[in-house]
Structure formats: structure tokens, C-alpha cells
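Let's take a friendly look at one protein model, starting with a single side chain and moving on to some rings. Keep the structure open as you read.

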Amino acid sequence: MVISQNYCERIVQLALDDFSSDVLVPCSDGIDRTASEVMFCLCESVRQGHADDLPCLLRIARCAEDSEVMLQVGELYLYGQGVESSAEEAYAWFLRASHAGSAEAMARVGWMLLVGIGVAKNVRLAVDWLLLAAEEGYRPAQDFLIKVTSRALANAAAQLPSP
């Protein structure tokens, strides 16, 4: 997608004004897209190796309050898709997306804390984040917590003396 500096500036302005608006931006492929759709296109472009789009993507993502965009940028870093893999950078983007309301990002923060990827291992904080994600309705976090709780209860029951 490699975009021009002027185009990048226009998206940055939209991000600063109202990123969630339905204002359409004409793209080089002739299709008009919302600013959010442009961000997803930029993420995909970076994934495909168009590193020239990365500075614009990061600049826009820092201005936007769109949790899904932040989540996508975190995934780029976590999996090294079009960027050098960095668990620390991924964690920072997931944390930002969590604070913007993404339940999926909350779960990612929890799992990274639980395992100690990109951040110091902290089981108590991990559980807090996973509980937040579960409370927000994120099914994988709910399933994980049910599984962990079931195992913990089974282990505790196995330690009880027989009647």
C-alpha cells in the first residue's frame, strides 16, 4: 500500500479529530475507506513487508484512540510481521489497547504477564487482567479461567483426607 506523506498527514488529522467517524478517505486503489479501514490496510501492508508504511502506521496508531488498531500493531510486534519481533513493544501496545477498552488486549496482557513474555512474570496481576477480559465477555479468557479454576479445585480436592 506504500502511502505518501500527505496521505499519512490526512489520516493523522482524522485520527486526531474523530477516528471513529465515517468520513471516507480516497485510497490509491480507487476505493474510499474510513480511517479505521485504512489502518487495517496499513497493518496488512506492513505484514506483507512494506516497511515504508510502518512510520505512518505507528504515528497514526499513537494518535488514534482505536483499541482494535492498537491491538493490531501489538500483534505485528508480537509475531514479527513486517517489523522486528519485540515482545516488549507488543506488550506496550496491548496495554495501551487494554486501557482503550479491548477485552482481547486485556487477555493478551494477562497471558504475557502469566508467562513472563515481554514483561516480568506476575501471576497475581495476570489473573487480574484475565478476569477483566472475562468480565468484558472475551470468551477465550473465560474458558482459560474456568479450566485453571477446575484444575485448582481438583488438586485441592485430591489433597483432602478421605472420609
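Leu-78 touches Ser-85, Ser-86, Ala-90, Phe-94, Arg-108 and Met-112, leaving aside residues up to four places away in sequence; contact here means heavy atoms within 4.5 Å. This is a predicted model, in which local features need pLDDT of at least 70 and side-chain atom pairs count only at pLDDT 80 or more, while totals for chains, interfaces and linings use all residues. Residues are numbered from 1 along each chain as its sequence is written, and side-chain values use heavy atoms, with hydrogens and water left out.

**Around Leu-78**
- Leu-78 belongs to helix α4 (residues 67–79); helices (H or I, at least four residues) are DSSP runs, numbered from the N terminus.
- With 22% relative accessibility, Leu-78 counts as partly exposed, the class between buried (under 20% relative accessible area) and exposed (over 50%), using a 1.4 Å probe and protein chains only.
- Leu-78 and Trp-93 sit 15 residues apart in sequence and 9.7 Å apart in space, C-alpha to C-alpha.

**Aromatic rings**
- You can find two aromatic pairs in the structure; rings of Phe, Tyr and Trp (its six-membered ring) pair if their centres lie within 6.5 Å, and planes under 30 degrees apart count as stacked, over 60 as edge-to-face and the rest as tilted.
- Trp-111 and Phe-144 make an edge-to-face pair, 6.4 Å centre to centre with 90 degrees between the planes.
- Trp-111 is in helix α6 (residues 103–115) and Phe-144 in helix α8 (residues 139–159), so their pair ties together parts 33 residues apart in sequence.
- Trp-111, Tyr-138 and Phe-144 form one aromatic cluster.

How values were computed
Helix = DSSP H or I, 4+ residues; strand = E, 2+ residues; numbered from the N terminus.
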